[in-house]
Amino acid sequence: MSKIFEIADGFVDTLAELNPIVATYLGVPGYDHLMPDYSPDGSQRSYDAERDVLKRIQTEPAKTLREQRCSETVQEEMSWSIDQHEAGLHYSGMNILHSPVQSLRQIFDLMPRSSTEDWENIASRMEGIGDSIASYQATLDEGIDRKVTASKRQTAGCIEQIETWVGKGDATPFFGGIADAGAESDEVDQALASRLSDAATSANVAYSKFAEYLRSGYLPKARERDAVGKEHYALTSRSYNGIDLNLNETYEWGWEQLRWVQSEMQKAADQIKPGSTIDEAVDVLESDPNRAIDGVDEFREWMQNLQDSTIADMDGTHFDIADDVRKIEAMIAPPGGALAMYYTGPSEDFSRPGRTWYPTGGKTSFPLWREVSIAYHEGVPGHHFQIATTMTLSDQLSRYQRLLAGTSGYVEGWALYAERLMHELGYLENPDYYMGMLDAQALRSVRVIIDIGMHLEKRIPDDSEFHPGKVWTPDLALEFMRDRVHFPPDFVASEIDRYLGIPGQAISYKVGERVWLESRQRARKAQGSSFDLKDWHNRALELGPMGLAQMQREMV
């Protein structure tokens with residue numbers, strides 16, 4: 001192994017020790033019974049480890065092109081993380097989508113339950129939740145002392161999530177459900193079942209106490225302002241996208257993209273219901289029972305069949321799909337989280353397959369018009385194909401590149417590119433499904449506008465028909481979004497909270513897609529008639545995940 005690969009890969013094991021939840025997510029064995037330390041000291045240890053890796057890899061000369069790519073990827077990603085730590089962003093990073101509040105619960109969705117050891121690991125982890133929450137509370141307290149806190153909006157959202165998980169109202173306690181499942185397993189004896197029950201109770205109590213701390217101790221001191229400002233936004237958007245963006249140009253480009261997609265949606269509306277408006281066509285798609293599936297189990301089965309048939313159809317024609325990548329599981333997400341569908345990658349050895357997770361939000365009937373393109377985004381040829389394919393490239397990429405590397409701009413950009421690609425390849429000829437893809441494009445275009453607009457408190461253009469000249473606020477963003485995308489109201493409200501909690505991530509879909517499309521166009525122009533789309537996709541993915549700026553350099 002090269003010295004650069006050795007340095008990079010060593011960080012995988014270091015990170016697994018520092019954050020066992022990440023180890024489980026990646027499928028690195030030996031840590032499934034442990035929980036992370038989210039205290040200021042724990043954050044400092046992660047910071048020191050990153051600085052050490054950065055220093056070592058900067059002084060190691062690359063001997064091959066592959067080593068050079070790996071070195072650049074590690075250096076950029078370590079630098080972004082170090083910059084955020086030095087800015088103290090970990091003190092205010094609590095949000096409704098991706099923070100320790102969610103990670104401590106969501107990791108149980110990925111833990112196997114097929115052996116006695118698996119259930120013992122689950123018991124150990126539930127027993128450790130109290131200590132992990134206490135460590136994170138110490139970081140939040142330090143943030144209060146430094147006057148660097150999460151917003152009231154994000155704090156209130158996290159309280160609401162926790163209340164669902166602990167069983168407030170009609171909700172079923174999440175950890176109690178795990179204990180009940182263990183009691184029904186043949187791998188769990190009476191003693192272990194009792195331990196699981198006690199551990200679930202302790203986890204529930206720990207989360208309940210944390211919710212009370214957030215409500216009475218943290219919320220009154222949380223910041224009122226949702227916007228993070230230009231300096232903070234520049235740091236986080238660079239980390240999520242892997243590129244220094246001209247935010248003014250990107251904001252204006254978001255408006256251009258929205259105008260394009262609204263024009264296309266009107267054309268699709270005329271096909272669905274001749275002479276109709278976009279809203280009238282969407283009403284048809286939402287209300288026609290022949291265009292929907294009833295029942296959660298039936299919908300999950302439909303999603304699974306769509307993934308399986310897409311893999312079978314595309315393998316060998318538009319993509320080369322490795323055997324390990326051909327398996328994917330469609331799942332229904334537990335209640336209480338954000339309402340956007342998401343994907344979790346396979347474990348390193350593929351013993352745990354890649355999975356798509358669909359939060360129903362209480363729905364039992366599922367109009368299909370938008371679900372097809374969402375399935376392509378999360379599954380194949382979107383997230384599952386890209387992420388799982390990367391996992392198979394052990395002979396070309398370092399372990400760090402396969403397991404840890406990549407930005408949201410690269411990953412989400414590919415998945416949004418995949419949606420548009422499926423239209424290009426003829427898989428969305430049904431105007432219903434094309435309208436669904438366009439509505440997703442509208443959502444991502446709106447994200448660019450309001451994410452930058454809210455956090456930088458920009459003014460709405462004077463030539464806009466929507467509140468011209470006003471400064472963006474969350475209320476204006478919610479109104480703007482409701483008028484321009486056709487997702488359920490609870491989803492839209494959840495999205496606004498999401499953007500405000502993770503500044504710079506929401507724009508990564510369209511920004512990343514832009515770079516993927518521009519890179520393909522440059523290659524097509526340079527190669528002319530010899531350009532082969534499947535070969536281009538293979539080469540692009542074989543480079544490994546990276547930031548968008550590095551991708552622009554590599555994909556010339």
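# Reading a sheet and a pocket

Tutor: The strands in the order E2-E4-E3 form an open sheet of three, with mixed pairing. Strands are DSSP runs of E, at least two residues, and helices runs of H or I, at least four, numbered from the N terminus; two strands pair if DSSP finds at least two bridges between them. This is a predicted model, in which local features need pLDDT of at least 70, side-chain atom pairs count only at pLDDT 80 or more, and totals for chains, interfaces and linings use all residues. Residues are numbered from 1 along each chain as its sequence is written, and side-chain values use heavy atoms, without hydrogens and water.

Student: Which are the edge strands?

Tutor: Strand E2 (328–332) and strand E3 (342–344), each pairing on one side only. E3 pairs with strand E4 (residues 354–358) in the antiparallel sense over three bridges; tyrosine 342 has tryptophan 357 in E4 as its bridge partner.

Student: How do I read a pocket?

Tutor: Rolling a probe the size of a water molecule over the atoms shows where empty space is left. On a 1 Å grid over the protein atoms alone, a pocket is an open set of points where a 1.4 Å probe fits, with protein on both sides within 12 Å along at least five of seven lines; lining residues have an atom within 4 Å of a point.

Student: Which residues lie nearest the centre of the second largest pocket?

Tutor: Asp32, Leu110, Pro112, Ser351 and Arg352, out of 24 lining residues. Helix H6 (116–146) and E4 each supply at least two residues of this lining, and H6 gives the most, with three.
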